[in-house]
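This report walks through a few local features for a reader who is new to the structure. The sequence and the model come first, and the description follows.

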Amino acid sequence: IVKFGSSREHIGVVSARGLQHKGDRLHFSSTAADELGKRYAWKWLEMTGGLNLSLRTIVGSSLSPPFILTSPGSHPKAEPKEGFVFD
């Protein structure tokens, strides 16, 4: 997904890294959903040229965490059959 999104001009991908779930490992908590919305908004501003130096200085990189790709089997909670998984 990351490779696909980064290779297309009009597609943006954001990370869900560090966001908490409701206990079922499927649904985001309310706080996490709010944070994910902020990350999507930040990405949209980046893509549409809506970010300026002042906004980047105030927010920093907190809304644009890096994607961490791990090889299969290297994450104790994720065991994919093939490919890569997000940390």
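Arg-39 and Glu-35 both belong to helix H2, which covers residues 30-48, and they stand 4 residues apart, about one turn of the helix. In this predicted model, the two residues form a salt bridge, in which the closest N and O atoms are 3.2 Å apart. Side chains of opposite charge can pair when their charged atoms come close. Both Arg-39 and Glu-35 are buried; Arg-39 counts as buried because its relative accessibility is 7%, under the cut-off of 20%. The side chain of Arg-39 also reaches the backbone oxygen of Ser-15, at 2.6 Å.

How many salt bridges does a search of the whole structure find? The search finds 2, and the other pair is Lys-43 with Glu-46, whose side chains meet at 3.3 Å, N to O. Lys-43 and Glu-46 also lie in helix H2, where they are 3 residues apart, about one turn of the helix. Lys-43 is partly exposed, with a relative accessible area of 22%, and Glu-46 likewise counts as partly exposed, at 29% relative accessibility.

| Salt bridge | Distance, N to O |
|---|---|
| Arg-39 and Glu-35 | 3.2 Å |
| Lys-43 and Glu-46 | 3.3 Å |

Leu-63 lies in the loop between helix H3 (53-59) and strand S1 (69-70). Is Leu-63 buried or exposed? Leu-63 is buried, because its relative accessible area is 15%, which falls under 20%. When residues up to four places away in sequence are not counted, Leu-63 touches Glu-35, Lys-38, Arg-39 and Trp-42. As for Trp-42, it is 21 residues from Leu-63 in sequence, while the C-alpha atoms of the two residues are 6.6 Å apart in space.

## A residue with positive phi

Most residues other than glycine have a negative phi. Arg-25, although it is not a glycine, has a positive phi of about 60°. Where is Arg-25 found? Arg-25 sits in the loop between helix H1 (2-6) and helix H2, and it is exposed, with a relative accessible area of 54%. By contrast, Arg-39 is found in helix H2 and is buried, at 7% relative accessibility.

Notes: Residues numbered from 1 in each chain as written. Predicted model: local features only at pLDDT ≥ 70, side-chain atom pairs only at ≥ 80, totals over all residues. Heavy atoms only, no water. Salt bridge = Lys/Arg side-chain N within 4 Å of Asp/Glu carboxyl O. Helix = DSSP H or I, 4+ residues; strand = E, 2+ residues; numbered from the N terminus. Buried < 20%, exposed > 50% of the residue type's maximum accessible area, 1.4 Å probe, protein only. Contact = heavy atoms within 4.5 Å. Polar contact = N/O pair within 3.5 Å; in protein donor to acceptor, adjacent residues only side chain to side chain.
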